Each structure stands twice: as structure tokens, then as C-alpha cells.
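Biologist: I would like to learn how to read a model of this kind, one feature at a time. Where do we start?

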Amino acid sequence: MSDEKPGVLDPQWEDALRAGQAAEGERGSVESELAVLHLLRHARGPQPLEPDALDAVWSELEPEIAGQGGFTTWWQRLFDWRVGVGVAVASAAAAVIFFAASPAQGPLPPPDADAVAQAPALDPTLSATLQTQFDLLEPAARAQIDGDVAAGRGALRTELLASIAAPGTVGGAP
Amino acid sequence: MTSGRWTQRLGLVGAGIVLGAGLMFVGLAQADRIAPARPGVLVALGQKLEVEHRAVDLKIDRGDIAGAIASLESLRSGPWPAEDADLARANDVAVALRHDVYGRLVRLRLDHPEVDGKPTAGLLSIVEEGLGEDAGEVDANPFTARLYALQGELFEAEGRDDDALAAYEKALEINGILLERELGGAP
């Protein structure tokens, strides 16, 4: 009853991923899994960007913001939310990579503008982001459903045993 | 004086019993120890779908996409509890299972348009059929979120951007709840 699962923020997940990679002779990559862990950690305790990194993000955003005053046509609005989501996902990926690459303590190195520009490994569309989220959440949900079905099976078994044990249903032998 | 004191004590004991029973019920419910309503229906549904999903996995592994789609299509009219059954309204698991099947079907059709292709409007009607009238009432789960996300994808393909954004927002809202539960360690 008291077997506790480690939380998603527990460093032992990362240790286990690294150990698994080492055990398989460094074949394959766990970077995508680690990126998700870092993203979750960042969501739990957001870390502010350094001024230079913030300037880099703003330099991406400013051209999109400029000239958006007054009336906007339907195609401009269409462009808005898609590009906005793309920039948001790219910024999140850049932040994750930036913090993952930096040491836990000590001064941060200056951000590499080229690396930040090339950082987004995620598909910047919302549907792809949602598919990624589904892939992450699906295993636990399936396990939960399996548990519910097993609970129902247990209830059926209990009902059956109760019906067998009920007075008038037991016996047959003289 | 004395009888009043005894009445007060009995009242406190009664309130304690009621409170204790309530807490025990909530605790058992939180620990998933209370069986869902009509367990026989849920067990039969869960077992049937487990077999069907495995068959679909096998067909996909063999490259038989048409067979996998046909298997999932056959479930559309298949094992779902009737609208007026207690289970259909009360048991979120059955609804989540339905959303899972419909989501998998639409995802497969979108990824393989060359196999028995359907127009976007036809796929949208499948999604709406899968969501049903109870999608907004079901407890947060990733299968419902995926179905909303697929609806958004299809709306986007049709150029209905406002509808797409609304569907995406529903999916993101559900996933946000699930992520919050995960981060908060809630059951």
C-alpha cells in the first residue's frame, strides 16, 4: 500500500535514463525523454531567462508584433496564432536546451544565437504538440483503465462468491 | 440537565458516525476500491476492446492498414453501452474507451489517406460521433483530449480556424488538468 512512485521531477528518472543508455553501449538517444523531464521541471519551477536570451527571444517576436495595429485581415489573424504558437514552442525548446546545457551552479555562458535559432526540435504545430502530449500521457491512462477493469472483475468475483455462499444456494450433497 | 447532556453526547456520536462513514466512502473512492457501476458491462467492454486493440496492433505490424481500419470501423456500431444505460452516463471509463477507439481510427485514417480515403467532412463526422453528447462531462483523460485535437486538425484542414482553435483549446485544457495532476501528485 505504501509503495510510492517517484515523482516526475525526481532526479532518479534522469539517472535511470542515463544508466540505461550507458548499459546499452550509448546506443540510441534519451535526449528527447530528458527534454520532456526538463520541460516538466521548468513548468514546476520556472527559471527566468538571462537578459541576453530574453533579447534573442524578443528579437524573434518583435517583427511579428510590429505593424499589428488597427484592422487586421483574416489572413493576418490566421498567420498570428500559428506563428505565435510556433514561436512559443521554439522558445520553450530553446529555454529547455539552454538550461539543460548549463551547469547547475556558477555563471552561465553567453547564449549562442545560432544554437538558439536552430534549437527547436519540435514540430511547431499545435496538433503535433498535442500528439506529443498524448504520447506522454497515454501509458498512465491505459494503466488506469486496466486497473478499473480489474476492479470490476474483482467486484464480479466477489458477487459470484457471495451468491454461492448465500443460504439456499450452497449444498446439493445430502 | 442530565438528559440534555446525554442528548448532546448522542448527537455528537451520531455526527461522528456519519462523518466517519462519509470519510471512509471518500477514501475508498479515492483509492479506487469502490467498483464502478455495473462492473459486468465494464469488464466485458474492457476485455473486448483489449482483444480488438491487439488485433489492430498485429495488423498494423503486418502492414495491413486496411484491415486495421476495418477492425476499428466495426467497433463504431459495436460494444458501446446504450445511451440510456447507467454506465453510459455515469462511468467515465466507458466513455474514455470509446474516445480511444475513435481517436485511433481517425489518427490511422489521417496517417493513411491512401487507404479507403474519406473526405475531411466524413472524418469530422466520425469524430463528432465518437465525442457524443457526453464528452464535456467526462473526467479529464488523454483519449478525449486526443479526439478534440484531431477535431482541431480536421477543422484546420477545412480552413475553419476559429473552430480549430476552440477544439485545440479544449484538448490543451484537458492536458493541462492531467499535467497538473501529475505534477501535484494527485491520484
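Predicted model: local features only at pLDDT ≥ 70, side-chain atom pairs only at ≥ 80, totals over all residues.

Biologist: Where in α3(A) does a kink lie?

Modeller: The kink is at A:Ser59 and amounts to about 25°. The proline A:Pro63 follows shortly after A:Ser59. As for burial, α3(A) is hardly covered, with a buried count of 1 among its 15 residues.

Biologist: How many residues does α8(B) have, and what does its length come to?

Modeller: Helix α8(B) has 24 residues and reaches 33 Å from first to last C-alpha, close to the 34 Å expected at 1.5 Å a residue.

Biologist: Which residues of α8(B) are buried, and against what do they pack?

Modeller: The cut-off for burial is 20 or more other C-beta atoms within 10 Å. In α8(B) the buried residues are B:Ala164, B:Ala167, B:Tyr168, B:Lys170, B:Ala171, B:Ile174 and B:Asn175. They pack against α6 (126-165) of chain A together with α7 of chain B.

Biologist: How many residues does each chain give to the contact between chain A and chain B?

Modeller: The size of an interface is often given as the accessible area lost when the parts come together. On the side of chain B, the elements giving two or more residues are α2 (39-61), α5, α7 and α8 (161-184). The largest share of that side, 8 residues, is from α8(B). Sorted by class, the side of chain B that touches chain A has 17 nonpolar, 6 polar and 5 charged residues.

Biologist: How is the packing of two helices described, for example α5 and α7 of chain B?

Modeller: One gives the approach of the axes, the angle and the handedness of the crossing. The axes of α5(B), residues 92-111, and α7(B), residues 142-157, come within 8 Å and cross at roughly 35°. The crossing is left-handed. On α5(B) the contact is made by B:Ala96, B:His99, B:Asp100, B:Tyr102, B:Gly103, B:Val106 and B:Arg107. On α7(B), B:Phe143, B:Thr144, B:Arg146, B:Leu147 and B:Leu150 take part. By class, the residues of this contact are 6 nonpolar, 3 polar and 3 charged.

Biologist: What does the secondary structure of each chain come to?

Modeller: Chain A has 6 helices and 0 strands, and chain B has 8 helices and 0 strands. Of the 174 residues of chain A, 12% are buried; for the 187 residues of chain B, the figure is 32%.

Biologist: What share of the contacts joins residues at least 24 apart in sequence?

Modeller: Counting contacts between residues at least 6 apart, the share is 71% in chain A. In chain B, 64% of the contacts with a separation of 6 or more are of that kind.

Biologist: Is B:Leu108 buried, partly exposed or exposed?

Modeller: B:Leu108 is partly exposed, because it has 18 other C-beta atoms within 10 Å.

Biologist: What is the phi of B:Asp116, and where does B:Asp116 lie?

Modeller: Most residues other than glycine have a negative phi. B:Asp116 is not a glycine, yet its phi is positive, about 45°. B:Asp116 lies in the loop between α5 and α6 (120-131) of chain B. B:Asp116 is exposed, because 12 other C-beta atoms lie within 10 Å.

Conventions:
Residues numbered from 1 in each chain as written. Chains lettered and ligands numbered in written order. Axes fitted to C-alpha atoms, helices over the stretch in contact; angles between N-to-C directions. Helix = DSSP H or I, 4+ residues; strand = E, 2+ residues; numbered from the N terminus. Left-handed = near helix turned anticlockwise from the far one by under 90°. Contact = placed C-beta atoms within 7 Å. Nonpolar A, V, L, I, M, F, W, Y, C, P; charged D, E, K, R; others polar. Bend = angle between axes of the 7 residues up to and from the residue. Expected span 1.5 Å × (residues − 1).
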